[in-house]
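Here's a quick briefing to read alongside the sequence and the model. Have both open as you go through the points.

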Amino acid sequence: MIAGTGGAQAQEGQAALVKVVDGQAFALRADQRNELDVGAPIFVEDVVETESGSVGLTFKDGSRISIGPNSRIQFTEFDFSPTEGRLAFIIDVFRGTLHYISGVIAKLSPDAVKVRTPVATVAVRGTRFLVEVEGE
């Protein structure tokens, strides 16, 4: 997977699109902090931060994620290449809340989806869950 913002490589590393923004949300990538708007892409390795607002994302496999206020979440790995047998979705939640609704990756390969927090790793076995991590 390739993270970045330029050309065909960036398109290859794109994992999701912003569908809803309430307040302010930001993507941290390549040492830049970019404000997110509806339609903005989310790339592999992006860190999404919210302050008092929230953001909703839809991933290429149909997974949907809502990120609540005062959150910091990284999309560490995303690979949706079912014809090649490559499926992976790893999210690191550093602080805040994340509501996850599964897409195709979780249906085809539940072990490929993991949500990691500072104290635990959640392996997806259902279709939706909420994670809350307290932190600074």
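A27 stands opposite N34 in β3, and in β5 the bridge partner of A27 is V48. Strands here are DSSP runs of E, at least two residues long, while helices are runs of H or I of at least four, and both are numbered from the N terminus. Bear in mind that this is a predicted model: local features need pLDDT of at least 70, side-chain atom pairs count only at pLDDT 80 or more, and totals for chains, interfaces and linings use all residues. Residues are numbered from 1 along each chain as its sequence is written, and side-chain values use heavy atoms, with hydrogens and water left out.

**Strand β2 and its partners**

- Strand β2 covers residues 25-29, and four bridges join β2 to β3 (residues 32-35), the two running antiparallel.
- Four bridges also join β2 to β5 (residues 47-50), again antiparallel; strands count as paired if DSSP finds at least two bridges between them.
- The hairpin of β2 and β3 has two residues between the strands, and A30 takes a positive phi near 50° there.
- β2 is mostly covered, with four of its five residues buried. Buried means under 20% relative accessible area, exposed means over 50%, and partly exposed is in between (1.4 Å probe, protein chains only).
- L28, which is found in β2, is partly exposed, as its relative accessible area is 22%.
- L28 and V48 sit 20 residues apart in sequence, yet their C-alpha atoms are 6.3 Å apart in space.
- Leaving aside neighbours within four places in sequence, L28 is in contact (heavy atoms within 4.5 Å) with R33, E45, D46, V47, E49 and R72.

**The overall picture**

- The protein has two helices and 12 strands, in the order α-β-β-β-β-β-β-β-β-β-α-β-β-β along the sequence.
- Buried residues make up 44% of the 136 residues.
- Take the contacts between residues at least 6 apart in sequence: 51% of them join residues at least 24 apart.

**The nonpolar core**

- The largest nonpolar core has 31 residues, and L57, F59, I65, F75, F89 and I91 touch the most other members. The largest share of this core, five residues, comes from strand β9 (residues 86-101).
- A nonpolar core here is a set of buried Ala, Val, Leu, Ile, Met, Phe, Trp, Tyr and Cys residues joined through side-chain atoms within 4.5 Å.
- In soluble globular proteins, nonpolar side chains tend to be buried together.
- What does I65 touch, leaving aside neighbours within four places in sequence? I65 is in contact with V55, G56, L57, F59, F75, F89, I91, L98, H99 and Y100.

**Salt bridges**

- The structure holds seven salt bridges, each being a side-chain nitrogen of Lys or Arg within 4 Å of a carboxyl oxygen of Asp or Glu.
- R33 and E51 meet in one of them, at 2.9 Å from N to O. R33 lies in β3 and E51 in the loop between β5 and β6 (54-59), so the pair ties together parts that are 18 residues apart in sequence.
- R33 is partly exposed at 43% relative accessible area, and E51 is also partly exposed, at 35%.
- R33, E49, E51 and R72 are linked in a network of salt bridges.
- D79 pairs with R86, the closest N and O atoms being 2.9 Å apart. D79 is buried at 12%, whereas R86 is partly exposed at 40%.
- R116 forms a salt bridge with D92, with the closest N and O atoms 2.8 Å apart. This pair links distant parts of the chain, with R116 in β10 (residues 113-116) and D92 in β9, 24 residues apart.
- R116 is partly exposed at 31%, while D92 is buried at 12%.

- R95, found in β9, is buried yet has no salt bridge; E49, the nearest side chain of opposite charge, is 4.4 Å away. For charge, Lys and Arg count as positive and Asp and Glu as negative, with His and the chain ends not counted.
- A polar atom of the R95 side chain lies 3.4 Å from the backbone oxygen of N70.
- Q74 has its place in β8 (residues 72-81), and its side chain reaches the backbone oxygen of E45 at 3.1 Å.
- Leaving aside neighbours within four places in sequence, Q74 is in contact with E45, D46, V47, I90, I91, D92 and F94.

Note on methods:
A polar contact is a pair of N or O atoms within 3.5 Å; within protein, one must be able to donate a hydrogen and the other to accept it, and residues adjacent in sequence count only if both atoms are side-chain atoms.
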